[in-house]
Amino acid sequence: MNTVDALLLQKLFLSGANNLSNNKEYINELNVFPVPDGDTGTNMTLTMMAAAADVRDQKNPTIDSLSKAISGGSLRGARGNSGVILSQLLRGFCKDIRGKKELTMVDLVSGFERGVETAYKAVMQPKEGTILTVARGVSEKASELLMDDEEIPMLEFAEAVVAHGEKVLEHTPELLPVLAEAGVVDSGGQGLIEILRGILSALKGVEIFPEDSEQGVRLARGAGVLDDIPKARPVYGAASGKEDISTADIKFTYCTEFIILLEKELPDEEVEKLKSFLLSIGDSLVCVADEELVKVHVHTNHPGQAFEKALEYGQLTRMKIDNMREEHSERVEIEQQRAAEQDAAFKQIKMDRRGGTAGSGKDTAPLKEYGFIAVSAGDGLADILKEIGVDHVLAGGQTMNPSTEDILKAVDSIHAKHIFVLPNNKNIILAANQAADISKDKDVIVIPSKTIPQGISAMIAFSDDAEPAENRAAMNAALETVRTGEVTFSVRDTSVDGKAILKGDIMGISDDGIAAVGPDIVDVTERMIDSMMTDDSGLITIYYGMDTSEEEAKSLADRLREKYQDVDLDLHYGGQPIYYYVVSVE
């Protein structure tokens with residue numbers, strides 16, 4: 001066997017995708033910073049699965065039909081920097097093999113080279129020691145093998161290529177000191193190796209299937225991948241508490257709702273475990289599950305814990321939190337409206353995942369000049385962004401990187417000539433740029449904000465009277481005027497920036513890296529802010545998260561006002577999960 005036909009290519013791709021999916025949690029744990037939101041494995045898996053859905057369903061594939069499915073699906077489904085780079089590797093490879101009836105060794109080597117070239121071009125400042133290095137090493141080894149022996153058997157060729165890729169991966173810490181200090185290899189490079197291992201296994205006649213699946217199932221449900229015939233699932237949970245609760249008797253303060261985009265179908269026992277956990281931290285639970293999504297409504301004092309548990313099963317969307325200690329009739333009305341919205345969202349997400357569309361006809365109103373999209377996690381932050389002019393707040397951020405397709409849908413929802421996109425996270429910028437490249441009908445301008453405070457500063461710098469190019473320059477310049485810090489907890493023992501970090505430690509992470517570590521949230525936050533202050537600092541803004549009480553946040557703010565009496569300080573509810581505080585200094 002020295003050629004690859006369409007049927008074999010289909011089998012190899014799915015085996016590689018499944019092996020990546022089966023190892024995604026291990027890949028997630030390779031994050032350099034030990035924060036509870038490492039998501040490289042998840043992002044790469046969702047990117048591959050977006051393509052795998054169509055690849056799997058092709059009954060009589062051709063090289064052209066597969067290349068179109070792999071390229072288009074991964075491009076639109078790309079999430080995070082690792083997912084975008086992976087989609088570009090696949091895109092370049094697929095462009096090179098189009099028009100072929102079967103792939104020879106020369107075609108494969110040429111495709112590898114085109115994929116690496118495309119991926120490097122997609123990254124503004126490519127770093128060595130990453131997935132790019134591993135991909136280039138694989139491509140170079142493939143070219144070298146073929147040059148040395150044009151008659152090399154394909155299986156021997158594949159084994160040598162993968163073995164070399166593994167060696168390149170082992171050396172990534174030598175190229176990136178932060179990897180060496182943390183004691184890990186590059187997570188994106190590891191993801192690519194898992195794909196190649198899955199492909200090699202299938203070449204040997206042993207296809208990789210999803211974990212905990214019957215052997216005949218070649219791809220897990222969920223993560224955008226649907227079964228040919230969706231199976232009915234029971235509705236779990238009539239409300240376990242009263243729907244109409246008097247505010248005088250409120251035990252749990254926050255009405256919390258969200259939808260889980262499942263990475264694979266949950267067995268009944270797993271759904272029961274999820275229900276049990278949610279009931280252990282709250283009441284009034286409604287949990288509706290099928291093979292693709294889980295809709296959750298729960299009253300709890302700890303929304304962050306509910307979100308963190310849900311993230312074990314997939315990505316989150318439609319996250320909403322209401323404080324029920326508001327006037328009772330208003331709360332009931334809000335809950336009824338939210339329930340209707342959530343039901344509609346549940347149906348819409350399922351329709352979108354199957355390729356359906358919502359609404360009818362196009363907006364015939366005159367185009368406005370400017371529109372704005374911002375990515376944010378937390379209802380408080382979303383409200384702030386809307387107040388300063390953002391049209392569409394896309395739920396996401398750490399752990400929930402929106403895909404290129406998500407951003408494109410947000411663009412389509414705004415009736416404007418020029419649309420500014422604020423990713424507000426460094427791991428979303430590439431997906432936003434990819435969306436801008438794909439969009440043809442509207443002028444999409446990406447402002448590469450890496451944090452929420454940067455995005456807010458950029459919005460403030462916008463002027464209705466300026467031209468698009470002038471606004472772009474002003475908004476980009478505004479990114480440099482703000483310094484950002486975030487406070488969260490460590491999920492493992494490690495060492496970063498010369499600081500020993502233990503599992504459970506509180507970490508203050510600034511633009512320059514780990515600024516402070518310790519057991520106390522207030523102490524770490526204060527020391528982090530100290531490191532961010534300069535002689536020119538005039539304003540500290542603090543956004544407190546869903547797991548921080550208003551009293552705790554006010555106490556911290558008073559402490560800082562006393563310490564920095566010549567500096568203004570603003571305190572806002574952000575509602576962000578995982579991060580106790582997000583802080584900006586200007």
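Asn424 counts as buried, because its relative accessibility is 6%; buried means under 20% relative accessible area, exposed over 50%, and partly exposed in between, with a 1.4 Å probe and protein chains only. Asn424 sits in the loop between strand S8 (416-422) and helix H17 (429-438). Helices (H or I, at least four residues) and strands (E, at least two) are DSSP runs, numbered from the N terminus. Asn424 is not a glycine, yet its phi is positive, about 60 degrees.

A word on the source. This is a predicted model, in which local features need pLDDT of at least 70 and side-chain atom pairs count only at pLDDT 80 or more, while totals for chains, interfaces and linings use all residues. Residues are numbered from 1 along each chain as its sequence is written, and side-chain values use heavy atoms, with hydrogens and water left out.

Ile578 also has a positive phi, near 75 degrees, and is a residue other than glycine. Ile578 is placed in the loop between strand S16 (568-573) and strand S17 (581-585). Ile578 is buried, with a relative accessible area of 6%.

Now the chain as a whole. It has 21 helices and 17 strands. Of its 586 residues, 56% are buried. The accessible surface comes to about 25600 Å², and 49% of that belongs to carbon and sulfur atoms; accessible areas come from the Shrake-Rupley method with a 1.4 Å probe, and for residues only the protein chains shown count as cover. Contact means heavy atoms within 4.5 Å. Among contacts between residues at least 6 apart in sequence, 73% join residues at least 24 apart.

Leu179 is a residue to look at here. It is found in helix H10 (residues 177-182), and at 3% relative accessibility Leu179 counts as buried. Leaving out residues up to four places away in sequence, Leu179 touches Val32, Gly129, Thr172, Pro173, Val184, Val185 and Asp186. Leu179 and Leu30 are 149 residues apart in sequence, and their C-alpha atoms are 9.1 Å apart in space.

Next, charges. Side chains of opposite charge can pair when their charged atoms come close. How many salt bridges does the structure hold? There are 24 salt bridges, a salt bridge being a side-chain nitrogen of Lys or Arg within 4 Å of a carboxyl oxygen of Asp or Glu.

One of them joins Arg76 and Glu405, with the closest N and O atoms 2.8 Å apart. Arg76 lies in helix H4 (residues 63-77) and Glu405 in helix H16 (residues 404-412), so this pair ties together parts that are 329 residues apart in sequence. Arg76 is partly exposed at 39% relative accessibility, and Glu405 is partly exposed at 24%.

Lys121 and Glu117 form another salt bridge, 3.2 Å from N to O. These two are four residues apart in helix H6 (residues 105-122), which means that about one helical turn separates them. Lys121 is exposed at 64% relative accessibility.

Lys563 and Glu526 also meet in a salt bridge, 3.0 Å from N to O. Lys563 lies in helix H21 (residues 550-563) and Glu526 in helix H20 (residues 521-532), so the pair ties together parts 37 residues apart in sequence. Lys563 is partly exposed, with a relative accessible area of 40%, whereas Glu526 counts as buried at 10%. Salt bridges that share partners join Glu526, Asp530, Arg559 and Lys563 into one network.
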